[in-house]
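Hello,

Here is the structure we talked about. Please have a look at it, then read my notes below.

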Amino acid sequence: MNRPVLAIETSCDDTSVSIVDSSGFVHVLLSASQDSEHAPFGGIVPEIAGRNHTLALLPLIEKAMGQWGHGPADLAGIVVTNRPGLIGSLLVGVVTAKTLAQSWNLPLLGVNHLEGHLLAPFLRDEKSAPPAGFTYPYVGLAISGGHTSLYEIRALGDYDVLGATKDDAAGEAFDKFAKMVGLGFPGGARVDQTAKGGDVKAFAFPRGLIHEETFDMSFSGLKSASHRLLTSMTPEEIKARLPDLCASFQEAVVDALLAKLDRAVSAAAWPRAILTGGVSANSRLRERAQAWADKRGITLVIPPLRYCTDNAAMIGYVGALRLARGETADLRLAPSPASHPGDFRRSRP
Ligand code: KG4
Ligand code: ZN
């Protein structure tokens, strides 16, 4: 039997627990969202996130073990996201994982959250599986509220960062725009919904660094341009033109992301790519990315939403693979707000 691990993810504002094995099979995945706790503040409040993890985590672990129907002795280890993320949030997961590993006498391992996102396409369950033959190496674009980065993923532990946003993450840009037009927080999904039926060419928004010879991205110019445009409009005009505003803004983000993905796939010369992170839920991005992939003859994997947004299954999968090759941590395992120096390589300037 391929014994699974118990995985814990608390790096930001979602509390998530999973039981997953090194084949990528997800036995159980349970997550608790804190969106309603942070919405009144218009963004994630780190202290609130940490406190809610302490309330949600143990009941979630108990429920996951109950659903799985086996005991700790059937686990291969305890895996936890220990970097990068909000330190107070990471700490809750790390302390809990250490306590469980110690009391259940199981191996312990800390995993990089972004590595989890990058390997999410291999996750499978009773309802979904990766496309047959999908394998390393591939290009990965991780797009969330905190990260927007482009990678070459060659094998487990062999990752080259091609580029990243120089300022705001794509999800952050969506959330800020949503706030400016009065759609609330987190606003990405609401912008997506409101954009349906809007005219993508109604307003001209900038596409940062789109023609530059770089894999880096930039969304701060888009934010400033949005701010300038919206302050020149009356609240009534904004309301009346909301679908057009959202559609035009969204198109600019999608253009900027796809331009860099296209560039990366051309440079890598591998016909395989993935989109991952919360922003890959965006319906326009999914539609246009698929059309781009079909046209270019590229196998594009966008994992199901439950594996795109922050989840413990992706963390457990990486941890299970690493435990299987003999890696473990001891009780000195510490949370870190940033990735460790050896986690990713940057071979291009
Ligand atoms: O990966 P995620 O769940 O959490 C982290 O930030 O790590 O990503 C959340 C981000 C938020 O910025 C949210 O607004 C954005 O993903 N998002 C979307 C959509 N759904 C979620 N952005 C655009 N369109 C969507 N449909
Ligand atoms: Zn994430």
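**Around ligand 1**

Ligand 1 has 16 residues around it, and Gly145, Asp175, Asp192, Gly278 and Asp310 come nearest. A residue counts as near if one of its heavy atoms lies within 4 Å. This is a predicted model: local features need pLDDT of at least 70, side-chain atom pairs count only at pLDDT 80 or more, and totals for chains, interfaces and linings use all residues. Residues are numbered from 1 along each chain as its sequence is written, chains are lettered from A and ligands numbered from 1 in the order in which they are written, and side-chain values use heavy atoms, with hydrogens and water left out.

By class, the shell holds four nonpolar, nine polar (Gly counts here) and three charged (Asp, Glu, Lys, Arg) residues. Helix 5 (170-180) and helix 6 (188-195) each supply at least two residues of that shell. Helices are DSSP runs (H or I) of at least four residues, numbered from the N terminus.

Now the polar contacts (pairs of N or O atoms within 3.5 Å). A polar side-chain atom of Asp175 lies 2.5 Å from an oxygen atom of ligand 1. A backbone N or O atom of Gly278 lies 2.9 Å from a ligand 1 oxygen atom. For Gly171, again a backbone N or O atom, the distance to an oxygen atom of ligand 1 is 3.1 Å.

**The zinc site**

His113 (NE2), His117 (NE2) and Asp310 (OD) coordinate the zinc ion (ligand 2), at 2.1 to 2.2 Å. Donors are N, O and S atoms within 2.8 Å of the metal (3.2 Å for Na, K and Ca); water is not among the atoms, so the site may look incomplete. The donor spacing in sequence is H-x3-H-x192-D. Both His113 and His117 lie in helix 4 (residues 113-119), four residues apart, about one turn of the helix.

Best wishes

How values were computed
Polar contact = N/O pair within 3.5 Å; in protein donor to acceptor, adjacent residues only side chain to side chain.
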